[in-house]
Amino acid sequence: MLFRSVVRKPLKTKNETQDDHIRNLVRSGREHIMVSDLRARLTPDQQALFAFPIQAFTYTAGNSKTVAQVMPKQNHTDLVTYLNNQSITGKQIKGILNDIISSVKALRQHGYVSLDLKLDNFLVTADGHAKLTDHESLYPFGAELPYMYGTTGYMAPELVTLEATPSMDLYALAAIIEEIGSIFGCLDQVRSIAENLRSSRHESTKQVDSIINNLSKLLDQAIRNNATIAIDDKIGRAHV
(Lines give C-alpha, C1' and ligand atoms only; values in the text may rest on other atoms or scores of the structure.)
Protein backbone atom coordinates (compact mmCIF):
# COMPACT_ATOMS: atom_id res chain seq x y z
CA MET A 1 0.00 0.00 0.00
CA LEU A 2 1.25 3.49 -0.81
CA PHE A 3 1.03 6.22 1.80
CA ARG A 4 1.14 9.48 -0.11
CA SER A 5 0.91 11.68 2.98
CA VAL A 6 1.11 10.66 6.62
CA VAL A 7 1.43 12.94 9.61
CA ARG A 8 4.62 12.26 11.54
CA LYS A 9 3.93 11.79 15.24
CA PRO A 10 6.67 11.96 17.86
CA LEU A 11 7.57 8.75 19.68
CA LYS A 12 7.55 8.81 23.48
CA THR A 13 10.80 6.89 23.78
CA LYS A 14 13.33 8.47 26.11
CA ASN A 15 16.55 9.68 24.46
CA GLU A 16 15.39 8.55 21.03
CA THR A 17 14.34 10.94 18.29
CA GLN A 18 11.86 10.16 15.54
CA ASP A 19 14.65 10.10 12.95
CA ASP A 20 16.73 7.71 15.09
CA HIS A 21 13.76 5.38 15.31
CA ILE A 22 13.15 5.59 11.56
CA ARG A 23 16.75 4.65 10.80
CA ASN A 24 16.72 1.78 13.26
CA LEU A 25 13.37 0.54 12.05
CA VAL A 26 14.27 0.72 8.38
CA ARG A 27 17.63 -0.93 8.83
CA SER A 28 16.13 -3.84 10.70
CA GLY A 29 13.05 -4.31 8.53
CA ARG A 30 13.11 -7.38 6.28
CA GLU A 31 11.48 -5.58 3.37
CA HIS A 32 13.98 -2.73 3.54
CA ILE A 33 16.90 -5.14 3.57
CA MET A 34 15.56 -6.98 0.52
CA VAL A 35 14.80 -3.77 -1.37
CA SER A 36 18.21 -2.26 -0.54
CA ASP A 37 20.00 -5.37 -1.77
CA LEU A 38 17.98 -5.48 -4.98
CA ARG A 39 18.54 -1.77 -5.68
CA ALA A 40 22.27 -2.24 -5.26
CA ARG A 41 22.23 -4.98 -7.90
CA LEU A 42 20.04 -3.22 -10.48
CA THR A 43 21.53 -1.24 -13.35
CA PRO A 44 20.26 2.36 -13.77
CA ASP A 45 18.00 1.23 -16.64
CA GLN A 46 16.60 -1.56 -14.48
CA GLN A 47 16.01 0.78 -11.53
CA ALA A 48 13.73 2.83 -13.78
CA LEU A 49 11.38 -0.18 -13.92
CA PHE A 50 10.64 0.01 -10.18
CA ALA A 51 9.00 2.52 -7.84
CA PHE A 52 10.90 2.38 -4.56
CA PRO A 53 9.92 4.22 -1.36
CA ILE A 54 12.15 7.15 -0.41
CA GLN A 55 11.25 7.09 3.28
CA ALA A 56 9.68 4.82 5.87
CA PHE A 57 8.53 5.69 9.36
CA THR A 58 6.06 4.58 12.02
CA TYR A 59 2.84 6.14 13.12
CA THR A 60 0.63 5.09 15.99
CA ALA A 61 -2.95 3.88 15.52
CA GLY A 62 -4.46 2.97 18.85
CA ASN A 63 -2.11 0.61 20.62
CA SER A 64 -0.22 -0.48 17.51
CA LYS A 65 2.51 1.06 15.40
CA THR A 66 2.31 0.87 11.62
CA VAL A 67 5.07 1.34 9.07
CA ALA A 68 4.29 3.94 6.40
CA GLN A 69 6.21 4.20 3.14
CA VAL A 70 6.42 7.44 1.18
CA MET A 71 6.83 7.29 -2.59
CA PRO A 72 8.59 9.93 -4.71
CA LYS A 73 6.42 12.85 -5.78
CA GLN A 74 5.68 11.91 -9.37
CA ASN A 75 2.66 12.04 -11.62
CA HIS A 76 1.73 8.39 -11.08
CA THR A 77 -1.53 6.62 -11.75
CA ASP A 78 -2.19 2.96 -11.08
CA LEU A 79 -2.07 0.68 -14.11
CA VAL A 80 -5.66 -0.57 -13.79
CA THR A 81 -7.00 2.99 -13.98
CA TYR A 82 -4.64 3.82 -16.83
CA LEU A 83 -5.70 0.84 -18.94
CA ASN A 84 -9.42 1.23 -18.34
CA ASN A 85 -9.85 4.98 -18.51
CA GLN A 86 -7.58 6.30 -21.23
CA SER A 87 -7.70 6.06 -24.99
CA ILE A 88 -4.25 4.63 -25.52
CA THR A 89 -2.62 3.35 -28.68
CA GLY A 90 -1.34 -0.11 -29.50
CA LYS A 91 2.18 1.28 -29.24
CA GLN A 92 1.53 2.38 -25.66
CA ILE A 93 0.05 -1.01 -24.76
CA LYS A 94 3.16 -2.73 -26.10
CA GLY A 95 5.35 -0.31 -24.13
CA ILE A 96 3.50 -1.13 -20.91
CA LEU A 97 3.83 -4.87 -21.56
CA ASN A 98 7.52 -4.47 -22.30
CA ASP A 99 8.08 -2.61 -19.01
CA ILE A 100 6.23 -5.32 -17.07
CA ILE A 101 8.21 -8.11 -18.74
CA SER A 102 11.47 -6.23 -18.23
CA SER A 103 10.81 -5.81 -14.50
CA VAL A 104 10.28 -9.57 -14.16
CA LYS A 105 13.47 -10.22 -16.14
CA ALA A 106 15.39 -7.86 -13.83
CA LEU A 107 14.11 -9.61 -10.71
CA ARG A 108 14.95 -12.99 -12.22
CA GLN A 109 18.44 -11.88 -13.25
CA HIS A 110 19.27 -10.80 -9.71
CA GLY A 111 17.72 -13.79 -7.96
CA TYR A 112 14.53 -12.24 -6.57
CA VAL A 113 10.84 -13.02 -6.81
CA SER A 114 8.07 -10.46 -6.23
CA LEU A 115 5.36 -12.96 -5.20
CA ASP A 116 2.67 -10.32 -5.72
CA LEU A 117 2.81 -9.39 -9.39
CA LYS A 118 -0.54 -8.01 -10.54
CA LEU A 119 -1.87 -5.02 -12.45
CA ASP A 120 -2.69 -3.16 -9.23
CA ASN A 121 0.97 -3.21 -8.19
CA PHE A 122 2.20 -1.28 -11.21
CA LEU A 123 2.16 2.51 -11.44
CA VAL A 124 2.28 4.43 -14.70
CA THR A 125 4.36 7.59 -14.97
CA ALA A 126 3.38 10.75 -16.80
CA ASP A 127 5.33 9.60 -19.86
CA GLY A 128 3.56 6.21 -19.96
CA HIS A 129 6.09 3.86 -18.36
CA ALA A 130 5.02 1.13 -15.94
CA LYS A 131 6.88 0.76 -12.63
CA LEU A 132 6.54 -2.18 -10.24
CA THR A 133 5.80 -1.17 -6.67
CA ASP A 134 4.66 -2.74 -3.37
CA HIS A 135 7.71 -4.84 -2.47
CA GLU A 136 6.42 -6.24 0.80
CA SER A 137 6.67 -9.82 -0.48
CA LEU A 138 10.08 -9.52 -2.16
CA TYR A 139 12.20 -12.61 -1.46
CA PRO A 140 15.39 -14.16 -2.85
CA PHE A 141 15.14 -17.48 -4.69
CA GLY A 142 15.03 -20.40 -2.29
CA ALA A 143 13.90 -18.39 0.73
CA GLU A 144 11.47 -19.98 3.15
CA LEU A 145 8.15 -18.13 3.15
CA PRO A 146 6.21 -17.53 6.37
CA TYR A 147 2.92 -17.97 4.51
CA MET A 148 1.45 -17.94 0.99
CA TYR A 149 1.82 -14.43 -0.43
CA GLY A 150 -0.16 -13.22 -3.40
CA THR A 151 -3.58 -12.48 -4.83
CA THR A 152 -6.12 -15.00 -6.06
CA GLY A 153 -5.77 -15.50 -9.79
CA TYR A 154 -2.06 -14.67 -9.77
CA MET A 155 -0.85 -17.26 -7.24
CA ALA A 156 1.10 -20.23 -8.60
CA PRO A 157 0.11 -23.67 -7.24
CA GLU A 158 3.69 -24.27 -6.07
CA LEU A 159 3.26 -21.57 -3.41
CA VAL A 160 2.05 -24.38 -1.15
CA THR A 161 5.71 -25.42 -0.77
CA LEU A 162 6.41 -22.10 1.00
CA GLU A 163 9.70 -21.78 -0.87
CA ALA A 164 10.30 -18.79 -3.15
CA THR A 165 10.94 -19.90 -6.73
CA PRO A 166 11.22 -17.92 -10.00
CA SER A 167 8.33 -19.91 -11.48
CA MET A 168 5.91 -18.10 -9.18
CA ASP A 169 6.37 -14.73 -10.87
CA LEU A 170 6.09 -16.34 -14.31
CA TYR A 171 2.70 -17.76 -13.41
CA ALA A 172 1.56 -14.30 -12.34
CA LEU A 173 3.05 -12.72 -15.48
CA ALA A 174 0.99 -15.10 -17.63
CA ALA A 175 -2.14 -13.98 -15.77
CA ILE A 176 -1.24 -10.32 -16.34
CA ILE A 177 -0.78 -10.91 -20.08
CA GLU A 178 -4.21 -12.55 -20.28
CA GLU A 179 -5.81 -9.77 -18.24
CA ILE A 180 -4.41 -7.04 -20.49
CA GLY A 181 -5.46 -9.05 -23.54
CA SER A 182 -8.97 -9.29 -22.14
CA ILE A 183 -9.17 -5.55 -21.45
CA PHE A 184 -8.24 -4.71 -25.04
CA GLY A 185 -10.21 -7.40 -26.80
CA CYS A 186 -7.21 -9.44 -27.98
CA LEU A 187 -7.34 -12.28 -25.45
CA ASP A 188 -7.55 -14.91 -28.19
CA GLN A 189 -4.33 -13.57 -29.71
CA VAL A 190 -2.33 -13.62 -26.46
CA ARG A 191 -3.84 -16.63 -24.68
CA SER A 192 -1.50 -19.19 -26.29
CA ILE A 193 1.52 -17.03 -25.42
CA ALA A 194 0.44 -16.85 -21.77
CA GLU A 195 -0.33 -20.57 -21.65
CA ASN A 196 3.10 -21.43 -23.04
CA LEU A 197 4.76 -19.26 -20.40
CA ARG A 198 2.65 -20.80 -17.64
CA SER A 199 3.26 -24.41 -18.71
CA SER A 200 7.00 -23.88 -19.32
CA ARG A 201 7.80 -22.05 -16.08
CA HIS A 202 9.47 -25.14 -14.53
CA GLU A 203 11.79 -25.82 -17.49
CA SER A 204 15.53 -25.20 -17.39
CA THR A 205 16.77 -21.67 -16.76
CA LYS A 206 18.06 -21.43 -20.34
CA GLN A 207 14.72 -22.50 -21.83
CA VAL A 208 12.68 -20.16 -19.65
CA ASP A 209 15.01 -17.23 -20.32
CA SER A 210 14.58 -17.82 -24.06
CA ILE A 211 10.79 -17.78 -23.70
CA ILE A 212 10.86 -14.56 -21.65
CA ASN A 213 13.24 -12.88 -24.09
CA ASN A 214 10.81 -13.58 -26.93
CA LEU A 215 7.68 -12.48 -25.07
CA SER A 216 7.71 -8.84 -26.19
CA LYS A 217 8.16 -9.80 -29.84
CA LEU A 218 5.39 -12.41 -29.71
CA LEU A 219 3.00 -10.04 -27.95
CA ASP A 220 3.82 -7.30 -30.45
CA GLN A 221 2.83 -9.62 -33.28
CA ALA A 222 -0.32 -10.73 -31.46
CA ILE A 223 -1.46 -7.15 -30.90
CA ARG A 224 -0.72 -6.21 -34.52
CA ASN A 225 -2.90 -9.12 -35.65
CA ASN A 226 -5.75 -7.48 -33.76
CA ALA A 227 -6.11 -4.41 -35.99
CA THR A 228 -8.55 -2.59 -33.70
CA ILE A 229 -8.22 -2.78 -29.93
CA ALA A 230 -11.45 -2.06 -28.08
CA ILE A 231 -11.08 0.00 -24.91
CA ASP A 232 -14.43 1.48 -23.97
CA ASP A 233 -17.16 2.79 -26.23
CA LYS A 234 -17.48 5.93 -24.11
CA ILE A 235 -13.76 6.62 -24.44
CA GLY A 236 -13.09 5.53 -27.96
CA ARG A 237 -10.99 2.92 -29.74
CA ALA A 238 -7.24 2.64 -30.05
CA HIS A 239 -5.60 1.57 -33.28
CA VAL A 240 -2.24 -0.12 -33.70
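Biologist: Among the contacts in the protein with a separation of 6 or more, what share comes from residues 24 or more positions apart?

Modeller: This is a predicted model, and what follows is computed from it. Taking the contacts in the protein with a separation of 6 or more, the part that joins residues 24 or more positions apart comes to 62%.

Biologist: How many helices and strands are there, and what percentage of the residues is buried?

Modeller: The protein has eight helices and nine strands. Of its 240 residues, the share that counts as buried is 46%.

Biologist: Why is the pair of Tyr-139 and Tyr-149 called tilted?

Modeller: The structure holds three aromatic pairs, and this is one of them. The ring centres of Tyr-139 and Tyr-149 lie 5.5 Å apart, which falls within the 6.5 Å that a pair requires. Planes under 30 degrees apart would count as stacked and planes over 60 as edge-to-face, so the pair, with its planes at 55°, is tilted.

Biologist: Where in the chain do the two partners of that pair sit?

Modeller: The pair links distant parts of the chain, with its two residues 10 residues apart. Tyr-139 belongs to strand β7, residues 139–140, whereas Tyr-149 lies in the loop between β7 and α6.

Biologist: Is Tyr-147 buried, partly exposed or exposed?

Modeller: Tyr-147 forms a tilted aromatic pair with Tyr-149, at 4.6 Å centre to centre and with 35° between the planes. Tyr-149 has 9% relative accessibility and therefore counts as buried. Buried means under 20% and exposed means over 50%, so Tyr-147, at 43% relative accessibility, counts as partly exposed.

Biologist: Which residues do ring pairs link into a cluster?

Modeller: Tyr-149 pairs with Tyr-139, and Tyr-147 pairs with Tyr-149. The cluster linked by these ring pairs is made up of Tyr-139, Tyr-147 and Tyr-149.

Biologist: Which residue lies over the face of Tyr-171?

Modeller: A charge sits over a ring if, among other conditions, CZ of Arg is within 6 Å of the ring centre. At 5.4 Å from the ring centre of Tyr-171, the residue over its face is Arg-198.

Biologist: How much space lies in the largest cavity?

Modeller: A search of the whole structure finds four cavities of 30 Å³ or more. The largest cavity has a lining that includes Leu-115, Asp-116, Gly-150, Tyr-154, Met-168 and Ala-172. The space in this largest cavity is about 70 Å³.

How values were computed. Residues are numbered from 1 along each chain as its sequence is written. This is a predicted model: local features need pLDDT of at least 70, side-chain atom pairs count only at pLDDT 80 or more; totals for chains, interfaces and linings use all residues. Side-chain values use heavy atoms; hydrogens and water are left out. Helices (H or I, at least four residues) and strands (E, at least two) are DSSP runs, numbered from the N terminus. Buried means under 20% relative accessible area, exposed over 50%, partly exposed in between (1.4 Å probe, protein chains only). Contact means heavy atoms within 4.5 Å. Rings of Phe, Tyr and Trp (its six-membered ring) pair if their centres lie within 6.5 Å; planes under 30 degrees apart count as stacked, over 60 as edge-to-face and the rest as tilted. A charge sits over a ring if NZ of Lys or CZ of Arg is within 6 Å of the ring centre and within 35 degrees of the ring normal. On a 1 Å grid over the protein atoms alone, a cavity is a set of points where a 1.4 Å probe fits but cannot get out, and a pocket is an open set with protein on both sides within 12 Å along at least five of seven lines; lining residues have an atom within 4 Å of a point. Grid points are joined across faces, edges and corners, and a volume is the space filled by probe spheres set on the points.
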